[in-house]
Amino acid sequence: MARHQSENHYRLLFEFSMDAVLYTETDGQILAANPAACNLLKYTEAQICLFGRSGLIDASASPELPRMLEEREIKGSTEGELTYIRSDGNRFVGWTSSAVIVDGSGLRKTVIIVRDLTETKKKEAALLRSIRELNDLYNHAPCGYHSVDADGMIVKINNTELSWLGCSREEVIGKTFKNYLSPASQDIYTENFEHYKELGSQKDLELELIQKNGRKRTVWLNSTAIYDEQSEFIMSRSTLVDVTERKELEQELIRKAQIDYLTGLNNRDNFNSLAEREFATCQRLSIPLGFLFLDIDDFKEVNDTYGHHAGDRALSAVGECFINALRNIDILGRWGGEEFVALLPGVAGLELRELAERLRIELSEVRINIDPDVSIAVTVSIGASYLESSDSSMDSMAKRADVALYSAKSEGKNCVVLNPDTLAKGTAKLTGVIC
């Protein structure tokens with residue numbers, strides 16, 4: 001009675017199981033297939049029994065089959081993925097579990113349970129695609145990504161940032177991020193890192209990356225902290241935005257706003273700004289300070305005779321000579337038109353007059369190519385002054401130098417006049433003749 005009830009119980013499980021169930025001989029001959037198996041394989045039970053296990057499995061697409069057969073013989077049970085062939089020729093992957101049992105007659109049989117993995121495989125494939133897409137987005141994003149641990153060691157980095165550094169991933173992982181920064185940026189990063197770990201975020205921290213080839217790249221660092229359940233810092237999510245071109249553009253715009261495009265000298269506004277600061281420093285520390293006002297003689301005739309392009313070349317050539325003839329610490333500028341100015345720290349008196357005279361001679365020796373067959377020279381008149389105890393601003397020096405320049409023009413041009421005339425009478429003016 002109990003045996004009969006048990007057989008009925010297993011028969012019900014066999015008939016109404018949601019999974020496909022096959023009852024086979026140990027040689028693979030199928031003895032029975034439940035409705036779920038018929039529905040999954042698209043065969044009748046008679047057809048399934050006729051084909052046998054080998055007719056339902058695509059052995060070429062089932063690399064696990066030999067291992068599963070061997071394992072079942074040794075252990076009595078096994079499981080793995082096998083590819084099955086439906087009646088319409090379509091294939092699907094099924095998770096297959098099989099176990100050897102002994103029937104009531106003492107004969108060994110095999111029970112095989114097959115679960116369709118089609119939807120699972122689709123979800124896995126979709127998940128893998130998403131992971132690949134996310135990895136591709138992470139690694140090839142237009143910005144740099146990295147993560148650092150609590151000690152600032154890089155634990156993850158994307159390909160974009162690696163390309164900026166010019167390093168391989170093996171060279172970077174486990175290294176301190178600040179090692180890839182300029183010395184000044186290392187200090188900035190160190191100052192902000194501990195603070196960032198407490199606050200949990202960092203926005204637009206400007207840093208300078210040092211590439212493997214020594215070149216610099218300006219970036220903005222934005223970070224969000226990741227904490228564990230005990231609110232302990234685990235690692236950062238850090239984004240680097242390359243602003244190198246933006247910074248270069250900003251610097252170029254600043255340069256254009258400060259530099260005369262034709263001569264490369266400071267424009268009038270920037271000269272005044274720099275000169276006022278230098279004047280204040282020299283006055284406070286009692287450092288000598290000289291001022292030169294320089295004007296190209298008969299510049300209008302150059303324009304009228306050769307054209308404005310020749311005038312531009314003359315201005316450019318004078319500016320270049322001006323820069324080369326004076327020191328790096330001197331502040332030079334184009335005052336406007338054909339007028340130039342210079343502020344000379346540490347120079348006054350006879351030394352200033354002699355320096356101005358050397359400059360006048362060097363400028364007179366410059367040859368300006370107008371075209372392949374024509375070159376010209378120009379002369380300059382220079383007015384000079386130097387800092388006095390009564391000067392309250394740089395304007396006082398500039399006005400005296402301007403008066404001296406007017407005197408130089410009035411007295412024949414191509415000469416230097418020092419004003420005020422604190423030297424012996426007749427030595428304030430130096431004249432020269434172009435050779």
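Where is D58 found? In this predicted model, D58 lies in the loop between α3 (45-56) and α4 (65-75).

Although D58 belongs to a loop, D58 is buried, because its relative accessible area is 11% and buried means under 20%. The side chain of D58 is joined to the side chain of S60 by a polar contact of 2.7 Å. When residues up to four places away in sequence are not counted, D58 touches T83, I85 and R91.

## R169 in helix α7

R169 has its place in helix α7, which covers residues 169-172. With a relative accessibility of 30%, R169 counts as partly exposed, a class that lies between the buried limit of 20% and the exposed limit of 50%.

Leaving aside residues up to four places away in sequence, R169 touches N139, I157, N158, N159 and L162.

## The nonpolar cores

The largest nonpolar core has 36 residues, and L292, L294 and F322 are those with the most contacts inside it. Two or more residues of this core come from each of the elements β11 (289-296), α11 (299-306), α12 (308-325), β13 (339-345), α13 (349-364), β14 (368-371), β16 (380-386) and β17 (415-418). The element that gives the most to this core is α12, with seven residues.

Apart from this core lies another core, of 22 residues, which includes W164, L165, F193 and L209.

Which residues does L292 touch, not counting residues up to four places away in sequence? The residues that L292 touches are F340, V341, A342, L344, L352, L355, A356, L359, I382, G383 and A384.

## How α11 packs with α12

Two packed helices are described by the angle between their axes and by the distance between the axes. For α11 and α12, the angle is about 140 degrees and the axes are 6 Å apart.

On the α11 side, the contact is made by F299, V302, N303 and Y306, while α12 contributes H308, H309, A310, G311, A314 and L315. The residues of this contact divide into six nonpolar and four polar, with no charged residues.

Conventions
Residues numbered from 1 in each chain as written. Predicted model: local features only at pLDDT ≥ 70, side-chain atom pairs only at ≥ 80, totals over all residues. Heavy atoms only, no water. Core = buried A, V, L, I, M, F, W, Y, C linked by side-chain atoms within 4.5 Å. Buried < 20%, exposed > 50% of the residue type's maximum accessible area, 1.4 Å probe, protein only. Helix = DSSP H or I, 4+ residues; strand = E, 2+ residues; numbered from the N terminus. Contact = heavy atoms within 4.5 Å. Axes fitted to C-alpha atoms, helices over the stretch in contact; angles between N-to-C directions. Nonpolar A, V, L, I, M, F, W, Y, C, P; charged D, E, K, R; others polar. Polar contact = N/O pair within 3.5 Å; in protein donor to acceptor, adjacent residues only side chain to side chain.
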